[in-house]
Amino acid sequence: MRAAGRTVLRALRGVIWWFNSILGGNDYQRYVQHLRLQHPDAEVPSERDYWRDRHDAAARNPANRCC
């Protein structure tokens, strides 16, 4: 019974990770990692600034959106 519970929990965590990835939940962490590796002298924006800038860029260029 415990093995089945662990399997269900692992599957649920996988589904949550998948939805989080699709919705952009890991984007800020990936961006910070990119900055640190490729641009070590660049200032890392706060997460709030990152999302504000990202949404502003999407609003300026609506061609990249599906709807």
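1. Let me start with the overall dimensions. The protein has a radius of gyration of 17 Å, whereas a compact globule of 67 residues would have one near 11 Å. The radius here is taken over C-alpha atoms, and the globule rule is 2.2 Å times the number of residues to the power 0.38. Along its principal axes, the C-alpha trace spans about 50 × 35 × 20 Å.

2. A word on provenance. This is a predicted model, in which local features need pLDDT of at least 70 and side-chain atom pairs count only at pLDDT 80 or more, while totals for chains, interfaces and linings use all residues. Residues are numbered from 1 along each chain as its sequence is written, and side-chain values use heavy atoms, with hydrogens and water left out.

3. On to secondary structure. The protein has three helices and zero strands, and from the N terminus on the order is α-α-α. Helices (H or I, at least four residues) and strands (E, at least two) are DSSP runs, numbered from the N terminus.

4. Next, the surface. Of the 67 residues, 9% count as buried; buried means under 20% relative accessible area, exposed over 50%, and partly exposed in between (1.4 Å probe, protein chains only). The accessible surface comes to about 6,100 Å², with 57% of it belonging to carbon and sulfur atoms. These areas come from the Shrake-Rupley method with a 1.4 Å probe.

5. The protein has 11 positive and 7 negative charges, and their mean positions are 15 Å apart. Lys and Arg count as positive and Asp and Glu as negative, with His and the chain ends not counted; each charge is placed at NZ of Lys, CZ of Arg, CG of Asp or CD of Glu.

6. D27 deserves a look. It sits in helix α2 (residues 27-38) and counts as buried because its relative accessible area is 11%. The side chains of D27 and R30 are joined by a polar contact of 2.7 Å (a pair of N or O atoms within 3.5 Å; within protein, one must be able to donate a hydrogen and the other to accept it, and residues adjacent in sequence count only if both atoms are side-chain atoms). Leaving aside neighbours within four places in sequence, D27 is in contact (heavy atoms within 4.5 Å) with Y50, W51 and R54.

7. M1, in the segment before α1 (2-22), is exposed at 90% relative accessibility, and its C-alpha lies 44 Å from that of Y50, 49 residues away in sequence. A63, in the segment after α3 (47-60), is exposed at 67%.
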